[in-house]
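Subject: Structure for you to look at

Hello,

Here is the structure I said I would pass on. Please open it first and keep it beside you while you read the notes below.

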Amino acid sequence: RFSASSSSSSSSSSPSGKELGEDGAQGLENSQILKVIGTGFSLELLFGATCAFGMAYYCLGASESETVDGSEVSAEREAWRRQAAELKAFYDAQEGSEKMDPPEGSDLSRFAMSNRRLYAMHFGLSSWKKRELEAIEGWQWKIRRVHC
């Protein structure tokens, strides 16, 4: 009798195999959904962080030091400084306080215009270039053109 009542109580209190399978499948399905959502969120977060760091790296000018030995960077800086020195000599050769820009179409004119355009862009011109150009007597950020 004890065994019959225990078997009947166990069969009536526990779910059938079919019910257990459905509940187990439902539980498994919910955990898979949570894993998919969690993985998707993690991938979006990783992608967003990568984009943010990439933009910060690019915008803060970290790309200027691309070579290990610095030869490419120093050559580029020296070329820029050489053109800035030529521009300074051009302005110094002019008498008076009103300085004229180099003639249009010349290398100095292209150098001046490209730096003025970069200055107008957000994060366009390095601070050391701004300082060096502003130290040249006669330099102006305003674009001046002679209209006929």
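The secondary structure of the protein chain consists of five helices and zero strands. Read along the sequence, that gives the pattern α-α-α-α-α. Please keep in mind that this is a predicted model.

Some overall values come first. The chain has 148 residues, and buried residues make up 17% of them. The protein chain exposes about 11400 Å², and carbon and sulfur atoms supply 60% of that area. Among contacts with a separation of 6 or more, 52% are between residues 24 or more positions apart.

Next, the core. Which residues touch the most other members of the largest nonpolar core? They are Trp80, Leu87, Phe111, Leu133, Ile136 and Trp139, out of 13 residues in that core. The largest share, four residues, comes from α3. As background, nonpolar side chains tend to be buried together in soluble globular proteins.

Neighbours within four places in sequence aside, Ile136 is in contact with Ala84, Leu87, Lys88 and Tyr91. Leu87 and Ile136 are both among the core residues that touch the most other members.

Helix α5 can be taken next. Its buried residues are Trp128, Lys129 and Leu133. Seen down the axis of α5, these buried residues fall within an arc of 130°, so they line one face of the helix.

- Ser109 has a relative accessible area of 9%, so it counts as buried. Apart from neighbours within four places in sequence, Ser109 is in contact with Pro102, Pro103 and Glu104.
- Met113 is buried as well, at 11% relative accessibility. The C-alpha atoms of Met113 and Asp101 are separated by 9.7 Å, and the two residues are twelve residues apart along the chain.

Now the charged pairs. How many salt bridges are there? The count comes to four, and three of them are described here, including Arg81 with Glu132. In general, side chains of opposite charge can pair when their charged atoms come close.

Arg81 and Glu132 meet through their side chains, at 2.8 Å from N to O. This pair links distant parts of the chain, with Arg81 in helix α3 and Glu132 in helix α5, 51 residues apart. Arg81 has a relative accessible area of 31%, so it is partly exposed. Glu132 is partly exposed too, at 26%.

Asp101 forms a salt bridge with Arg116, and their closest N and O atoms are 3.1 Å apart. This pair also links distant parts of the chain: Asp101 is in the loop between α3 and α4, Arg116 is in helix α4, and they are 15 residues apart. Are these two residues buried or exposed? Asp101 is buried, with a relative accessible area of 18%. The cut-off for buried is under 20%. Arg116 is buried as well, at 3%.

Asp107 and Arg110 form a salt bridge at 2.6 Å from N to O. Both lie in helix α4, three residues apart, about one turn of the helix. An α-helix has 3.6 residues a turn, so residues three or four places apart point the same way. Asp107 is exposed, with a relative accessible area of 53%, while Arg110 is partly exposed at 48%.

Regards

Note on methods:
Residues numbered from 1 in each chain as written. Predicted model: local features only at pLDDT ≥ 70, side-chain atom pairs only at ≥ 80, totals over all residues. Heavy atoms only, no water. Core = buried A, V, L, I, M, F, W, Y, C linked by side-chain atoms within 4.5 Å. Buried < 20%, exposed > 50% of the residue type's maximum accessible area, 1.4 Å probe, protein only. Helix = DSSP H or I, 4+ residues; strand = E, 2+ residues; numbered from the N terminus. Contact = heavy atoms within 4.5 Å. Areas by Shrake-Rupley, 256 points an atom, 1.4 Å probe, with all protein chains shown as cover. Arc of directions from axis to C-beta.
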